Amino acid sequence: MKIHEFQAKELFKKYGVPVPVGAVAFSAEDAKKVAADLGTFPVAVKAQIHAGGRGKGGGVKLARSSEEVASAAGEILGMTLVTHQTGPEGQRVRKVLVEQGLNIARELYLSLVPDRATAKIVIMASQAGGMDIEEVADRTPEKIIKVYVDPLVGIQPYHGRKAAFGLELAPAVIKPFVKLLAGLYQLFVEYDCSLVEINPLVVTAENAVVALDAKINFDDNALFRHKDILAYRDLDEEDPLEVEASKYNLNYINLDGDVGNMVNGAGLAMATMDIIKLAGAEPANFLDVGGGASAEMVENGFRIILNDKNVKGILINIFGGILRCDVLAEGVVQAARKTGINVPVVVRMEGTNVEAGRRILAESGLDLISAADLKDAAEKVAAIVA
């Protein structure tokens, strides 16, 4: 789960990570009031969407008066902001963060992520703050500093010093940086984060270390432990079909292709998408109904796929184990009768109760295309959408 910058900064403050003074605004008039409360200029007016690269897309503006604040907020609010992370369709801006300007001396990059290869938490830092870190890693990987922390031991002062020395921080800045990093690590662990990122982390002319930006992603599987974080969820920032799927505990991700697919098991779903591409078509979604799916869950998944206007054909690929083939078939028939099928459907089933499942589909009166195996299924659905 992702949250907004202003929400991430609320958590930062809870863990002693310095952030600029500011507040969120939902209108140009609100933005003027926030700026008046700050009592100093310049201020930054920043679009609040779940994507990076906002400045390059015109979503961050500096204002030096109340009139400029209102003008900047008016331009940003309601705009469709397009960045490298939103895709060409962009994201509509519904709120802005207005916060104090800082006397910036240096811009740095800092983040924490889990590293599966080492089973550790890695601190990543760079002197190339304010830039796309992916570009820095690709072109100048030597500028990326990595410090590994064993979660069984936890972060120690030497981890912070190692990162500080790599960033070539001035002696006066090292102590506040180490303290900030310790707070970030505590936040990362206690809230089951998958990413905590500051880009840029700034050093001011007064030698203060401040998180000018803030990004936090949470592990969805751990959200049951953090009811307070669920209150941060912004459904306007999520794909409507993905929001609908989450209501039924379906693992669904919307994609850009035209072949809808329903599969049981994440690994099998990935393989199904690969073979669809190999056959010359493009998957429209990732949908794992899970091993213990009921006929109702299958029905809801099928309905969500049919709600995607880009879908020209559907591939159902089920290996019956915990999810029996007859249960899958009943769900497909229920969904078809309630929603109506307006695209061809290719079905490949194997496993538990496969004959019963095929019989249910055959006797349903639906126009379904059977496939002998996965390759045959992919080729048939690719031919349909070509």
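# Briefing: salt bridges, helix packing and burial

A network of salt bridges links E5, K9, K46, R54, E99 and D213. The structure is a predicted model, and a search of the whole of it finds 19 salt bridges. The protein chain has 386 residues, of which 50% count as buried.

**Overall build**

- The protein chain contains 13 helices and 18 strands.
- Among contacts in the protein chain with a separation of 6 or more, 68% are between residues 24 or more positions apart.

**Salt bridges**

- Side chains of opposite charge can pair when their charged atoms come close.
- E238 and R233 form a salt bridge through their side chains, with an N to O distance of 2.8 Å.
- E238 has a relative accessible area of 24%, so this residue is partly exposed.
- R233, its partner, is also listed as partly exposed, with a relative accessible area of 33%.
- R358 and E350 make another salt bridge, at 3.1 Å from N to O.
- In this pair, R358 is partly exposed at a relative accessible area of 33%, and E350 is partly exposed at 27%.
- The side chains of K380 and D376 meet in a salt bridge of 3.2 Å, N to O.
- K380 and D376 both lie in helix α13 (residues 374-385), and because they are four residues apart there, about one helical turn separates them.
- K380 is partly exposed, its relative accessible area being 30%.

**Helix α1**

- Helix α1 covers residues 5-14, and seven of its ten residues are buried, so the helix is largely enclosed by the rest of the structure.
- The buried residues of α1 are E5, F6, Q7, A8, K9, L11 and F12.
- Just after α1 comes G16, which takes a positive phi of about 75°.

**Helices α2 and α3**

- Helix α2 (residues 28-38) packs with helix α3 (residues 66-76) at an angle of about 140°, and the two axes are 8 Å apart.
- The two helices are therefore oblique to each other.
- The crossing of α2 past α3 is right-handed.
- On the α2 side the contact involves A28, A31, K32 and A35, which meet S66, V69, A70, A73 and G74 in α3.
- By residue class, this contact of α2 with α3 consists of six nonpolar, two polar and one charged.

**Helices α5 and α6**

- Helix α5 (residues 157-166) and helix α6 (residues 171-190) pack with their axes 9 Å apart, at an angle of about 125°.
- That angle makes α5 oblique to α6.
- α5 and α6 have a right-handed crossing.
- From α5, the residues in contact are P157, G160, R161, A163, A164 and F165; from α6, they are I174, F177, V178 and L181.
- Sorted by class, the residues of the contact of α5 with α6 are eight nonpolar, one polar and one charged.

- C193 is found in strand β10, which covers residues 193-204.
- C193 counts as buried because its relative accessibility is 7%, and the cut-off for buried is under 20%.
- Leaving out residues up to four places away in sequence, C193 touches L187, F188, I216, N217 and F218.
- C193 and D219 are 26 residues apart along the chain, and their C-alpha atoms are separated by 5.7 Å.

How values were computed. Residues are numbered from 1 along each chain as its sequence is written. This is a predicted model: local features need pLDDT of at least 70, side-chain atom pairs count only at pLDDT 80 or more; totals for chains, interfaces and linings use all residues. Side-chain values use heavy atoms; hydrogens and water are left out. Axes are lines fitted to C-alpha atoms, for helices over the stretch in contact, and angles run from 0 to 180 degrees between N-to-C directions. Angles under 35 degrees count as roughly parallel, over 145 as roughly antiparallel, 65 to 115 as roughly perpendicular and the rest as oblique. A crossing is left-handed if the near helix is turned anticlockwise from the far one by less than a right angle, and right-handed if clockwise. Contact means heavy atoms within 4.5 Å. Ala, Val, Leu, Ile, Met, Phe, Trp, Tyr, Cys and Pro count as nonpolar, Asp, Glu, Lys and Arg as charged, and the others, Gly among them, as polar. Buried means under 20% relative accessible area, exposed over 50%, partly exposed in between (1.4 Å probe, protein chains only). A salt bridge is a side-chain nitrogen of Lys or Arg within 4 Å of a carboxyl oxygen of Asp or Glu.
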